[in-house]
Amino acid sequence: MARRAQPVSALPGAGAALLVAALILGTLAAVALRAESARGFGASDWAALRFTLTQALLSAGLSVGLAIGLARALARRRFVGRSALIALLGAPFILPVIVAILGLLAVFGRAGWVSQILTFIGLEPLQIYGLHGVVLAHVFFNLPLATRLILQGWQEIPAERFRLAAQLGAGPRAMWQLLEAPMLKRVVPGALAVVFAICLSSFAVALTLGGGPRATTLELAIYQAFRFDFDLGRAALLSGLQLVLTGLAAFVALRVSAGDGAGAGLDRVVRRWDGGTALARGLDGLWITLAALFLLLPLAAVVAAGISGLLELKASVWMAALTSVLVALLSTVILLLLALPMAAVVALGRSALIEVAGILGLAASPLVIGTGLFIVIYPIADPFALALPVTALVNAVMALPFALRILVPQAREILGRYGKLSMSLDLTGRAFVLRVFLPRMRAQIGFAAGLGAALSMGDLGVIALFADPEVATLPLQIYRLMGAYRMEAAAGAALLLLVLSMGVFWIFDRGGRWHAEV
């Protein structure tokens, strides 16, 4: 049976998805075919696999375990600044990794604030490098994400259920058993799988905080195989393994989050009667205070150290900042050219293969994509001269899964509401896209563009493979300053990167919402 006519064509979206799949799978194939010989896993490879799984499991368990207490406290309490704190929970996701690491070092490092307090009372300072440092950084990044996911589950419980439980005399323990525990059984496995998948592909965190060969992730091992050994067979093997592991985690996340919800309600404001004791208020306040300190102190440390470090910045840092802005803008353009047609096809209901192509960005190694592009480009051009365009392209593909999650719901709403009317008016194709689709997608386009630009600004991945001493993005320049133990200049550059990343996100997000229908 023929498909029903639609106001937009599926061909551009299918073409974009084909390009993404060809880029990811084709570059992996290029690396594998170029390998001179295939060999089995060595001792270092097994060590990298064990460390990757260990740190991902610990990071996911701690992030989600702590997020349950924080989300419950936020669900039960109303206080001044609550909305701002919940909004702040999204900041670490767009925070450049290298900036967050500098902040964590300033707070938890050997010479950090916590270590100074411990030394003052006669205890040993903290050792942040190694497994515990990697896990600490991953918890910093993923605790807010897990909290948002679990808090959404609490907010989906209808207010009428809490009211009925209170009328039946249910205390805090009974309310937990009747309402909250069943919700957590549905939400927590998905949150665990999402955080686990994100931690599997850790690179910049392990590069800066790993502390040696015993703390090497698969992604870092791929980098070492190419950068130092030029062992393409090993790089391809490790990348294939990472692709399978991350793909399995993403599949589990989709499967376990597809269960039945908590049911419908009348959209009333939730009132809680189970947290009125002084002990409950104190525990909730403790959760919220500790979480706020954990998120805010590293940011405050970056700002405090960076203000004086701004005076230490040389021309090379400012040139790197300009390079990062240009790469971010180019990456954002590529991202929107791929994401918008793909989102339209998913909204049309022809989504299976398109969504698989979108998820590949989460599972693939950006280093292997960059290596494959290097192999393909090398016979016809100088890959090092194309380092910045290649970085922009890979950054766009890595941000594609998140952009699709932002764009698809609104695209589905627009096509469902205006599709038939536009068809009856013969408003199809380019005219529908320009007059109906894009104007009503402006807010979502701005948000997706801001997210993509901020993620690209803070990326320390492909550029670490191809950049020469004369060309660098700002994250790479910060890493070089840290390697040269010029920490004050690194702090100043980190503050500059923080301002630029948050700035491009705000400009795109605000620009999308300016006079837009939201």
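The model is predicted, so local features need pLDDT of at least 70 and side-chain atom pairs count only at pLDDT 80 or more, while totals for chains, interfaces and linings use all residues. Residues are numbered from 1 along each chain as its sequence is written, and side-chain values use heavy atoms, with hydrogens and water left out.

**Helix α22**

Select residues 487-513, which form helix α22; helices are DSSP runs of H or I with at least four residues, strands are runs of E with at least two, and both are numbered from the N terminus. D509 lies in this helix. D509 is buried because its relative accessible area is 16%, where buried means under 20%, exposed over 50% and partly exposed in between, with a 1.4 Å probe and protein chains only. Beyond its neighbours within four places in sequence, D509 contacts G446 and F447 (contact: heavy atoms within 4.5 Å).

Next, select M502, also placed in α22. M502 is partly exposed, at 26% relative accessible area. Residues up to four places away in sequence aside, M502 touches A91, I94 and L95. M502 and L95 stand 407 residues apart in sequence, yet their C-alpha atoms are 7.8 Å apart.

**The nonpolar patch**

Now select L62, L66, W113, L279, L283, L286, W287, L290, L293 and L297, a nonpolar surface patch with about 910 Å² of accessible area together. Patch residues have over 30% relative accessible area and no salt bridge, and nonpolar side chains (Val, Leu, Ile, Met, Phe, Trp, Tyr) are joined within 5 Å, like charges within 9 Å. A salt bridge is a side-chain nitrogen of Lys or Arg within 4 Å of a carboxyl oxygen of Asp or Glu. Areas follow the Shrake-Rupley method with a 1.4 Å probe, and for residues only the protein chains shown count as cover. Helices α2 (43-76) and α13 (278-309) each give two or more residues to the patch, and α13 supplies the largest share, seven. In α13, L293 is partly exposed because its relative accessibility is 42%.

**The second largest pocket**

Select L102, L105, Y129, M482 and M487, which lie nearest the centre of the second largest pocket among its 27 lining residues. Elements giving two or more residues to this lining are α5 (97-108), α10 (204-209), α13, α21 (474-483) and α22.

Terms used. On a 1 Å grid over the protein atoms alone, a cavity is a set of points where a 1.4 Å probe fits but cannot get out, and a pocket is an open set with protein on both sides within 12 Å along at least five of seven lines; lining residues have an atom within 4 Å of a point.
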